[in-house]
Amino acid sequence: MRRKDREMGRGFALGVLDKAEWMTLAMTDGEGKPYCVPVSLVRDGEELILHSAMLGEKAECLRARPEVCITAVGDTHVVPEEYTTEYESAIVRGRAREITDPQEKLAALWTLTLRYCPEHLGQFDQMAGASLKRTAVFRIAIQELTGKRKKYGKDGKELKFGAEE
């Protein structure tokens, strides 16, 4: 990381992953061409869970070349008078593996449901059962994790933003 003064610890980076509404997943296809897409992920320990259609560019990329890079952005705040933006971010490098066991897929989908639509847990069995065969689920092992935050203006004064580590 070039700006060591903005580097944050592992706990901070995990916190950004946990609160980001969406993240950007960068992959490489079978021909070596880059592809990235916004996704909804949830952290489960040292892994991120991702769901996808069984067919499509995202699933094909993950199967062909499972090495990925994910960027998550937490809180942001534009500071016009300083010509800057306060931000917090995390970058994950990891490896995806497809979950094929139906019970493990259901457990992963349950974790996603808890994160993104906990008010609809009562419908989980019906919804998951109806879509399980056409839904791909991947777990991405967190192999490298970095966190970064900018909270200082150009004059060096601390800006009021973000949670402490």
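Colleague: How many salt bridges does the structure hold?

Modeller: The model, which is a predicted one, holds 13 salt bridges.

Colleague: Why is the pair of Lys33 and Glu31 called a salt bridge?

Modeller: The closest N and O atoms of Lys33 and Glu31 are 3.3 Å apart. The cut-off is within 4 Å, between a side-chain nitrogen of Lys or Arg and a carboxyl oxygen of Asp or Glu, so the pair qualifies. Side chains of opposite charge can pair when their charged atoms come close.

Colleague: What does the salt bridge of Glu47 with Arg97 tie together?

Modeller: The closest N and O atoms of Glu47 and Arg97 are 4.0 Å apart. Glu47 lies in strand E5 (residues 47-53) and Arg97 in strand E7 (residues 84-99), so the pair ties together parts that are 50 residues apart in sequence. Arg97, at 38% relative accessibility, counts as partly exposed. Both Glu47 and Arg97 belong to a network of salt bridges that also links Asp44, Glu104 and Arg139.

Colleague: Why does the salt bridge of Glu144 with Arg93 tie together parts that are apart in sequence?

Modeller: Here the closest N and O atoms are 3.9 Å apart. Glu144 lies in strand E8 (residues 135-150) and Arg93 in strand E7, so the parts that this pair ties together are 51 residues apart in sequence. Glu144, at 49%, is partly exposed, and Arg93, at 45%, is partly exposed as well.

Colleague: What makes up the lining of the largest pocket?

Modeller: The largest pocket holds about 320 Å³ of space and is lined by 14 residues. Leu109, Leu112, Thr113, Cys117 and Phe124 lie nearest its centre. Helix H3 (102-116) and helix H4 (124-131) each supply at least two lining residues. By class, the lining has seven nonpolar, seven polar and no charged residues.

Colleague: Which element gives the largest share of the lining of the second largest pocket?

Modeller: That share, five residues, comes from E6. Strand E2 (23-28) and strand E6 (67-79) each supply at least two residues of this lining. About 150 Å³ of space lies in the second largest pocket.

Colleague: How do you know that charged residues line the second largest pocket?

Modeller: The lining includes Lys19, Glu21 and Asp75. Because Asp, Glu, Lys and Arg count as charged, these residues fall in that class. The lining has five nonpolar, three polar and three charged residues.

Conventions. Residues numbered from 1 in each chain as written. Predicted model: local features only at pLDDT ≥ 70, side-chain atom pairs only at ≥ 80, totals over all residues. Heavy atoms only, no water. Helix = DSSP H or I, 4+ residues; strand = E, 2+ residues; numbered from the N terminus. Buried < 20%, exposed > 50% of the residue type's maximum accessible area, 1.4 Å probe, protein only. 1 Å grid on protein atoms, 1.4 Å probe; cavity = no way out; pocket = protein on both sides within 12 Å on 5 of 7 lines; lining within 4 Å. Points joined across faces, edges and corners; volume = space filled by probe spheres on them.
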